[in-house]
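Hi,

Here is the structure I said I would pass on.

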Amino acid sequence: MSLTRGLAAILAGLMIWAGGSDMARAGTVQGTASYRERIAVMPGSVLEVSLLDVSLADAPAVVLSSQRFALDGVPAEFQLTYDDALIKDRMRYVVRASIYNGRKLLFTTDTAYPVLTNGAGDTVDLLLVKVPAKQPKHEVKLENTNWSAVELNGQALDVENGPELSFAQGGMVGGISGCNRFTGLAKIHGDRLRFPDNMAATMRACIPPYDEIEKEFLEALASVETYSVDDKGQLVLVNAAGDAVLRFEAM
C-alpha cells in the first residue's frame, strides 16, 4: 500500500470513528400521543413534543429538545431526538406535549411523563386533554380558556400575533410570550395568582417588536399578584401596587 493510500485509509477510519461518536451522542425518546375524545384532528394541526430537565425544584426547567410533527390523526407516533451527553443518571427528565392548530392550543398534557432515568425508559405514551373552545363572555373562567393579550402595562398591543395564555386544571399554565412558548405550574388560590419562576421555555431569538414585547410580558407576569375576569369577559392581571399590568380577551 502506498503512503498516500495509507494516509487516506487512516483519515477515512478517523472520520467513521468521529461520525460513530456523534451518532452515539444522539438519543431518542419515542412514543405515542393521543386524546380520549372521538373527534378528528383539525387539518394543519401539529404535535409539539418537548424533553425537559426538571431536576431542580427551585430552578427553571430546561428544555433539552423540542420538535414539531405534522399531525394527521391519533394516536400519533413520534421520535424526539436529543443530545445524550446532556443526560445524567441522577437527574430527572420528563416529556410534555401539546397539539396546536396555528397558534391555537387544542390539546395539552396536564401531567409530566418521566423518561430516561430513575427507572423510566425511553418510550412513553402521552394522553393529552382537550382545551375547551371559547365560551360566552358571561361564562368565561380563568381555566380552560385560551387568552390573547390585548394590553400590556396600560398600552394596547397592536400586533398581529401577541402573547397568549391558557390555564388547565390544577394550575398548569402555558402560552406564547412573544416568539417563544412556555409552560409551568401557577399557584392559584381564590383571586390570588402567582406565576412560577421556573417555567420551561423555548429559547428562540425574537425579531422586533416581539423581542421587547416578550421581555415586558415576562416581567409583567412575574409581578402578578391577583386576577379577575371583568364584566366584559376580559382577564385582568394585577400587580402588588394594584396596577393592571396585563389584559386578555378570550380567543
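Phe167 is buried, at 2% relative accessibility, where buried means under 20% relative accessible area, exposed means over 50% and partly exposed is in between (1.4 Å probe, protein chains only). Phe195 is buried too, with a relative accessible area of 6%. Before going further: this is a predicted model, in which local features need pLDDT of at least 70, side-chain atom pairs count only at pLDDT 80 or more, and totals for chains, interfaces and linings use all residues. Residues are numbered from 1 along each chain as its sequence is written, and side-chain values use heavy atoms, with hydrogens and water left out.

On to the rings. There are five aromatic pairs in the structure; a pair needs ring centres within 6.5 Å (Phe, Tyr and the six-membered ring of Trp), with planes under 30 degrees apart counted as stacked, over 60 as edge-to-face and the rest as tilted. One of them is Phe167 with Phe195, whose planes lie at 45° with centres 6.1 Å apart, so this pair is tilted. It ties together distant parts of the chain, 28 residues apart: Phe167 belongs to strand β11 (residues 164–167), and Phe195 to the loop between β15 (192–194) and β16 (200–201). Helices (H or I, at least four residues) and strands (E, at least two) are DSSP runs, numbered from the N terminus.

Phe217 and Phe248 make another aromatic pair, this one edge-to-face, with 75° between the planes and 6.3 Å centre to centre. This pair also links distant parts of the chain, with Phe217 in helix α2 (residues 210–223) and Phe248 in strand β19 (residues 244–250), 31 residues apart.

A search of the whole structure turns up one cavity of 30 Å³ or more. On a 1 Å grid over the protein atoms alone, a cavity is a set of points where a 1.4 Å probe fits but cannot get out, while a pocket is an open set with protein on both sides within 12 Å along at least five of seven lines; lining residues have an atom within 4 Å of a point. Points are joined across faces, edges and corners, and a volume is the space filled by probe spheres set on them.

The largest cavity holds about 420 Å³. Its lining has 33 residues, and those nearest the centre are Ser98, Tyr100, Gly174, Phe182 and Thr183. Strand β12 (residues 172–176) supplies the largest share of that lining, five residues. By type, the cavity lining divides into 17 nonpolar, 11 polar and five charged, with Ala, Val, Leu, Ile, Met, Phe, Trp, Tyr, Cys and Pro as nonpolar, Asp, Glu, Lys and Arg as charged, and the others, Gly among them, as polar. Domain 1 (26–130) and domain 2 (145–250) each give at least three residues to the lining of the largest cavity; those bounds come from an automatic or database domain assignment.

The second largest pocket has about 230 Å³ of space. It is lined by 15 residues, with Phe182, Asp197, Met199, Ala201 and Leu218 closest to its centre. Both β13 (181–185) and α2 give two or more residues to this lining, and α2 gives the most, with four. Nine of the pocket's lining residues are nonpolar, three polar and three charged.

The Val74 to Pro75 peptide bond is cis, with omega near 0°, and Pro75 lies in the loop between β3 (62–70) and β4 (76–83). Pro208 and Pro209 are also joined by a cis peptide bond, omega about 0°, with Pro209 in the loop between β16 and α2. Leu116, although not a glycine, has a positive phi of about 75°; Leu116 is in the loop between β7 (113–115) and β8 (123–130) and is partly exposed at 21% relative accessible area. Asn153 has a positive phi of about 55° and is not a glycine either.

Cheers
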